[in-house]
Amino acid sequence: MRVDRLTTVMSATAGAALLLAGCGGGDTAGGTGENALPGVDQFLNAPCPEAAMKPATDKEFTYWSMWTADEPQGEVLQKAFKCFTEKTGVKVDVQWLGRKAYTQNLVPALNTDAVPDLFDQDVSKVGAAIMTPGGTQSVDDVFAMKVGEGDKTVKDVLSPSSYDFPQNKDREGHNFMVPYTIQSSAWWFDKDTAGDIQQPKTMDELIGLFDKAKSDGKAAISLDGDIPFYNMYFYTQLAERYVGAGGLYKAATDKTGQAWKTDPGFLKAATETAKLPKYFIDGWDAAKFPQVQQRWADGDSRFLYVGSWAPSETREYLDKQGAGTKINYGSFQFPMPEGATHDTVEQMSIGFSVTKKAKHAEGAKAFIAYFLNKDLLSGIPAVADNLVPRADLAVPDDLKQVKAALDDPKKEHVLQYDGIDGVAGGKWQTDVFDPADIALLKGQLTPEQFVDQLATKGAEFWKNQG
């Protein structure tokens, strides 16, 4: 997830910015026809919960949304705005700006007074692009606000792992974002065509699944190779299991670049990664997203590795095809490679932040607490088929295996990509990591050359930063 602060990075990330959170865009709430989700109408037509926190002075606030109005998340939020106004009298002035809002709208506005009171994005983007230049304010006070369920507060209902981590702290150590959606990633397959696949315990077992797919006449792995963040999954997933949470980030921010060479886990991860590309579907590096993902949905390949938005996006695609095709979604995590000691699972929090210059912070913060009421937040799984940071709400059937991994107490939680996509406002990834990563996947670099390039180019990058 995808943090870019500087104009020079925007063009490189524009395509990937469209991929966030089950978010191809333009679909109606929960899909229609054969792929409609249960519970959509029930949520949208349910009565509004009472608001525990009613602003004393604010009668309105502005919100710039990362969603569009016709997306499932937009449908959920529109109901929440209607309810908030009904129960508090506070009007919400919303602009549906989509994924590029934080770069094309918010970042340029930071030095002006024309900023929203409230906005949303994933925590990595907010941290690098908005918080770092001083564009956010503390939302610590929101965690003490009641959500309208007796005495329950925001802190009471949220899972600590969804917000209490270093990347959600500003320079003074305050939280700058309150989450309402949680994402992870997984290997996806169709249970009806792939059979009863169990979680592979070793990389050899994973490779065996790929060999079986090929013997069945299928491509093993679909990958939209024009999306750097999708290419990034394989190496970072494996490296995290060798070096643990914070290991990749530490290496990426090492000014000498030598950390890539001193920890043998980085080379081991590259060696494991280099075994995968021969299983990629033909044309993976020539197609334009979402063509290869759609080929997986059409059954041309057996496995797809992307985020927990995969069911939402592919269900939308199949629904638009109108052929009555459905997928019985199954998923599993990367296994532990040989010699690895960190049983990791990635997560990414998406949530609300309040700008430093907000004129109506009181109203904005009251809305955040209101939206986390179970009767409203339940719309995220029910309508948008996404996970939420409350443990007491329903989990979509498609995501139960992902949620089980996130809830496994034995697993070590890691921020998506270990946060290296946020280093230097996203420039380190685009300048240093992406060229080496795509060359490794294409077989143009050996694992040893890949690590050497990260070390050399990383040192050059930091030297040029001054």
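**Close-up 1. Glu 50 pairs with Lys 87 in a salt bridge.** In this predicted model, the closest N and O atoms of the two residues sit 2.7 Å apart. A salt bridge here is a side-chain nitrogen of Lys or Arg within 4 Å of a carboxyl oxygen of Asp or Glu. Glu 50 is in the loop between α2 (40–44) and β1 (60–65), while Lys 87 belongs to helix α3 (residues 72–88), so this pair ties together parts that are 37 residues apart in sequence. Helices (H or I, at least four residues) and strands (E, at least two) are DSSP runs, numbered from the N terminus. Glu 50 is partly exposed at 49% relative accessibility, whereas Lys 87, at 19%, counts as buried. For these words, buried is under 20% relative accessible area, exposed is over 50%, and partly exposed is in between (1.4 Å probe, protein chains only). Residues are numbered from 1 along each chain as its sequence is written. As this is a predicted model, local features need pLDDT of at least 70 and side-chain atom pairs count only at pLDDT 80 or more, while totals for chains, interfaces and linings use all residues; side-chain values use heavy atoms, with hydrogens and water left out.

**Close-up 2. Lys 146 meets Asp 151.** Their salt bridge has its closest N and O atoms 3.3 Å apart. Lys 146 is partly exposed, with a relative accessible area of 36%, and Asp 151 is exposed at 61%.

**Close-up 3. Asp 216 and Lys 212 make another salt bridge.** Here the closest N and O atoms are 2.8 Å apart. Asp 216 is partly exposed at 39% relative accessible area, and Lys 212 is partly exposed too, at 44%.

**Close-up 4. Four residues link up in a salt-bridge network.** The members are Glu 149, Lys 152, Arg 390 and Asp 392.

**Close-up 5. Tyr 417 and Ala 424 both sit in the loop between β10 and α19.** That loop runs between β10 (412–415) and α19 (427–441). Most residues other than glycine have a negative phi. Tyr 417, though, has a positive phi near 60°, and Ala 424 has one of about 55°. Tyr 417 is buried, at 0% relative accessibility; Ala 424 is partly exposed, at 23%.

**Close-up 6. Phe 289 and Pro 290 are joined by a cis peptide bond.** Omega is about 5° at this bond. Most peptide bonds are trans. Pro 290 lies in the loop between α12 (264–273) and α13 (291–297).
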